[in-house]
Amino acid sequence: MRTKSLKKNKINVITLGCSKNTYDSEVLMGQLKASGKDVAHEQEGNIVVINTCGFIDNAKEESINTILEYVEKKEQGIVDKVFVTGCLSERYRPDLEKEIPDVDQYFGTTELPLLLKALGADYKHELLGERLTTTPKNYAYLKIAEGCDRPCSFCAIPLMRGTHVSQSIEKLVREAEGLAKNGVKELILIAQDLTYYGLDLYKKRNLAELLENLSKVEGIEWIRLHYAFPTGFPMDVLDLMKREPKICNYIDIPLQHISDKILKSMKRGTTKEKTTKLLQEFRERVPGMAIRTTLIVGYPGETQEDFEILRDWVQEMKFERLGCFTYSHEENTGAYVLEDDVPQEVKQARAAEIMDLQSQISWDLNQEKIGQTFKCVIDRKEGQHFIGRTEFDSPDVDNEVLVDASKYYLKTGDFVNLKVTDATEFDLYAEPIS
């Protein structure tokens, strides 16, 4: 029989899924630290909190495997307690409690106070906006809203995150000021839908006003926009982007598809013509802007013709950044009543074809950068290189700039001017300009 150790508890928070989960883990850790708890992110600890993702099949599988791994460690006496929170837990709690009963407790996405109580900590309202960041010190995520009101047929996020709730401009500015004091220089704005920001609080789309206020925060040099919805995009944001040097000429706008038939079934509220016009306006108003998008192939009813419309459009639009996913048939979504009729191997072949095409586009665009100089931030040193990014690149998902560390010394977190000397599909090689 295992005897209870007298060692001091250490809480290990494990984050799976997207940047919004990263943010939630950071808030949890900030609260735990304020209650005097010993807390770490993805290190050793005898109490484990797994912040899960439940978005698509692969993410659910990774979450379940991680839970099973730590339940096994609990049985072996390596850890004492396992708690599960996040999207998977919100969406499938009854099933999880039945199938994996050895987890000490499951919590949903809105039950932070209850989770803290289970960990022997108190929820402190006065800590709003304070958190223990897990990203490199120079950038941090700023979650400006939670939930989503869009009816997209393929998406389970409203089931896990609820309806759209914006954070106030005042609260977000306070949070940004706190991050800047801790050395953060780049804010990456995240939400399920940036486009909707402010409609609930201010009765209008208010992203531009938020950006104006965040731009005034001393110490912040870059502000980056992630996850904007195409329908109803507030065009005044583009004017501000062009005028305000702190706002990166970059936008992440998941478009999902372009065949009118598929867009209608997906309930995206737009058409190929409207989407193309929107992107043309982006590029006219902010020349040189980098547009990142994500696409879904293999949605129910997607014919070879629908796919070819999408492929030809990707070739025509030449996105600076693009990711492609295969459709995942999710319970309780609008599309779940449709037959998941595109075979998995066809889905994968279509995704590979889009990504091959994007590789070539990225190669061509990167070749044009050789000889040019860009303001870059240095994120880290890895092996023989310092790794940086231009304003056109978000961490973890986009291109990186590599500088030979045997020839040059750069400081992590610093902004430097780098001249591009060579390029591949997804990397630029550069040297500092003195």
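Mentor: H2 and H3 are roughly perpendicular to each other; that term covers angles of 65 to 115 degrees, while under 35 counts as roughly parallel, over 145 as roughly antiparallel and the rest as oblique. Helix H2 covers residues 57–75, and its packing angle with H3 is about 80°. Their axes lie 11 Å apart. Axes here are lines fitted to C-alpha atoms, for helices over the stretch in contact, and angles run from 0 to 180 degrees between N-to-C directions.

Now the residues. H2 brings Lys60, Ser63, Ile64 and Ile67 to the contact. H3 brings Leu88, Arg91 and Tyr92. Contact means heavy atoms within 4.5 Å. By class, the residues of this contact of H2 with H3 are four nonpolar, one polar and two charged. Ala, Val, Leu, Ile, Met, Phe, Trp, Tyr, Cys and Pro count as nonpolar, Asp, Glu, Lys and Arg as charged, and the others, Gly among them, as polar.

A word on the source. This is a predicted model, in which local features need pLDDT of at least 70 and side-chain atom pairs count only at pLDDT 80 or more, while totals for chains, interfaces and linings use all residues. Residues are numbered from 1 along each chain as its sequence is written, and side-chain values use heavy atoms, with hydrogens and water left out.

Next, follow H3 to the sheet. Helix H3 spans residues 87–99 and lies across S3, S4 and S5. Its direction makes about 125° with S4. Helices (H or I, at least four residues) and strands (E, at least two) are DSSP runs, numbered from the N terminus.

The sheet itself is open and has five strands. Their order is S2-S1-S3-S4-S5, with parallel pairing. Two strands pair if DSSP finds at least two bridges between them. Strand S2 (38–41) and strand S5 (105–106) are the edges; each has a single partner strand, so one side of each has no neighbour in the sheet. S4 covers residues 81–86 and runs parallel to S5, with two bridges joining them.

For contrast, look at another helix pair. Helix H9 (residues 236–243) packs on helix H11 (residues 272–285) at about 25°, with axes 9 Å apart. That angle makes H9 roughly parallel to H11. Leu238, Asp239 and Lys242 of H9 meet Glu281, Phe282 and Arg285 of H11. This contact has two nonpolar, no polar and four charged residues.

Further along, five strands close into a barrel. The order is S14-S15-S16-S18-S17, and the pairing is mixed. From one strand to the next, the twist averages 55°. S14 (residues 373–382) and S15 (residues 385–390) run antiparallel, joined by six bridges. S16 (residues 400–404) pairs with S18 (residues 427–432) in the parallel sense, over three bridges. S17 (residues 415–423) runs antiparallel to S18, with five bridges. S17 and S18 form a hairpin with three residues between them.

Last, the whole chain. The protein chain has 13 helices and 18 strands. Its C-alpha trace spans about 65 × 60 × 45 Å along its principal axes.
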